[in-house]
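Good morning, and thank you for coming. Please look at the sequence and the structure as they come up on the screen.

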Number of protein chains: 2
Amino acid sequence: MSGVRSKGDQAETAADTGGDRRLRADAKRSIDALMQAAREVFASSGVDATVREIAERAGVGMGTLYRHFPQRADLITAVLHSEMDACSDAAATLAAKHPPFEALAAWMQRYADLVGTKRGLAKALNSGDPVFEGLLTRFEERLRPAVRPLFAAAIVAGEIEPDTDADEILCAVSSLCMSAYDAKPEHARRMVALFIDGLRRPVKGSSSH
Amino acid sequence: MSGVRSKGDQAETAADTGGDRRLRADAKRSIDALMQAAREVFASSGVDATVREIAERAGVGMGTLYRHFPQRADLITAVLHSEMDACSDAAATLAAKHPPFEALAAWMQRYADLVGTKRGLAKALNSGDPVFEGLLTRFEERLRPAVRPLFAAAIVAGEIEPDTDADEILCAVSSLCMSAYDAKPEHARRMVALFIDGLRRPVKGSSSH
DNA sequence: ACCTGAACACCGTTCAAGT
DNA sequence: ACCTGAACACCGTTCAAGT
C-alpha cells in the first residue's frame, strides 16, 4: 500500500486540451496526433468523417484511437473543447497586443470562425446524444468570462457605449455565423466586422480640439 | 411504335399517398405494406429504424423496398407526405361532424399529434439533405389551406375572436409540441387543449336571455 | 502500458436469378 | 413487370497478438 495518491486514477477518456497526466511518451504523442488529425479532417470533410480516416491521418492504428477515445463522440467532444479553450485564451493575447477596440473586434472575428466551424460540428451535437453532455455548458462558462474584460476595457477607453451588453453581442454574432458561415465565410466575416464597427463611438480625448 | 401514351412513363419514386398509377396488383400491395410498416416502425423505433426491419415487417424482400423507394429517405418522405395529407383531410371530416369550435379544437389535437410525431422524424429532415426537398413546403401548402375554413367557421359562429390569427395559433401549437411532445404526449395534449380553450368566447345568441 | 490491424456486427444499397 | 435474398461496400467497435 503506497500511501500517496490514492484516488482519482481512472481518467479513461483522454484529457481535454492536451492533458499530460502521467502518460507514457508514446501515448501522449498518439493523443496529440489524433486530435490534430481530427481537427484537420473535421475541418475539411465535416463531422461525418470516418474514424478510419482520422486514425490513418494520425498515423496510428484503430485500437489506439479507441484506447484514448472510447467512442467516436469523445473525439468530437475533445476537439471542440480544445477549440473553445483556444478561442478563450486568444482573448487575453489580443488584449495584450492591441488597443481595446481593435482587440475586441479581432476577437469577434476569432469567435465568428469558431462558431462557423462549430456549426458543422454542432449539427451532430444537437442530435440529443447525452455523450455530448456539457459542451454547451463549457461554451458558455469559459467563453463568456474570457470576453468580458475585452468589453470592459473598450468601455473604459470610451470606445463603445457603456451599456453595451456583451451577451447580446455574442448572441448576435453567433446567430449571424450559424446561418451563413459555411456557405460564404468571407461574407460572414464582413458582416461581423460591420456589426462590431457599429458599436464604435468617437474617443473622448482625441476629438476635443 | 404504339402511338398512344408517349411521355411521362418514368415515375420512379413510388407515388405519395397511395397513388395507383397503372401498377400491377402485387406492386400496389407491396407499396401499401411498406408504407404501413414504415409508419409503424418509425412510430415505435424512431427514424433511425433499419430498412431491413421495415422490409421484414412489410413481408417483402429488400429489392422490393428499393424498387419503390430508391433511397431510405424516399420512404420517410412518402410516409410524412401521407401523414400530412391525412391530417389535412381530417379538417373537412371534423368540420362536418362537429360544431365549429369543437371541430377546431379536435383538429388542433390531431395537428399536435402530427407535429409531435413529426418531430421525431424531422430530426433527420433538418440534416440539410436535399433529398427531403419540399417537405416543409407541402407542410405549409396543404395544411394551412385545410385549417383556414375551421377558423372561419368558428369566427362566423362567434365562438372565437374575429381577429384570431390562424398562422399564429398553428405556430404556437407546433412549437408547443416540438419541445415536450415525445417526453409527455399527454401533457402536450393537455396544454394544447388549454391553449385552444383560451380562444373561446361566449356565443352571442345563447347568453342573451 | 501501449500499439497494431485483422475481424466482427451491422448498415444502406445492388444485382443475378427467379416467376 | 415484379419479387427475392445473397452479396457488396462501408461503417463503428473489439480483441488477440505483439513490443
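Predicted model: local features only at pLDDT ≥ 70, side-chain atom pairs only at ≥ 80, totals over all residues.

Thr77(B), if we set aside its neighbours within four places in sequence, is in contact with Val131(B), Phe132(B) and Leu135(B). This threonine is found in helix 4 of chain B, which covers residues 72–97.

Is Thr77(B) buried or exposed? Its relative accessible area is 13%. Buried means under 20%, so Thr77(B) counts as buried.

Ala188(A), whose place is in helix 8 of chain A, residues 185–197, is buried because its relative accessibility is 1%. For Cys87(A) the value is 0%, so this cysteine is buried. Cys87(B) also has a relative accessible area of 0% and is therefore buried. While we are speaking of cysteines, how many disulfides does the structure hold over all chains? The count is zero.

Let us now turn to the DNA. Around DNA strand C there are 21 residues. Which of them are the closest? They are Ser30(A) and Gly61(A) from one chain, and Arg52(B), Met62(B) and Tyr66(B) from the other. Sorted by class, the surface near DNA strand C comprises nine polar, six charged and six nonpolar residues.

Where in the fold do these residues come from? At least two residues of this surface are supplied by each of the following: helix 1 (25–45) and helix 3 (62–68) of chain A, and helix 2 (51–58) and helix 3 (62–68) of chain B. The most is given by helix 3 of chain A, with five residues.

Of the atoms of DNA strand C that lie within 4 Å of the protein, 55% belong to sugar or phosphate, and the rest belong to bases.

A polar side-chain atom of Arg52(B) is 2.6 Å from a base nitrogen of DNA strand C. With Gly63(A), it is a polar backbone atom that lies 2.9 Å from a base oxygen of DNA strand C.

Finally, a question of distance links two residues already named. How far apart are Ala188(A) and Arg24(A) in sequence and in space? They are separated by 164 residues in sequence, and by 43 Å from C-alpha to C-alpha. Thank you for your attention.

Definitions and conventions: Residues numbered from 1 in each chain as written. Chains lettered and ligands numbered in written order. Heavy atoms only, no water. Near = heavy atom within 4 Å. Polar contact = N/O pair within 3.5 Å; in protein donor to acceptor, adjacent residues only side chain to side chain. Helix = DSSP H or I, 4+ residues; strand = E, 2+ residues; numbered from the N terminus. Nonpolar A, V, L, I, M, F, W, Y, C, P; charged D, E, K, R; others polar. Buried < 20%, exposed > 50% of the residue type's maximum accessible area, 1.4 Å probe, protein only. Contact = heavy atoms within 4.5 Å. Disulfide = S-S within 2.5 Å.
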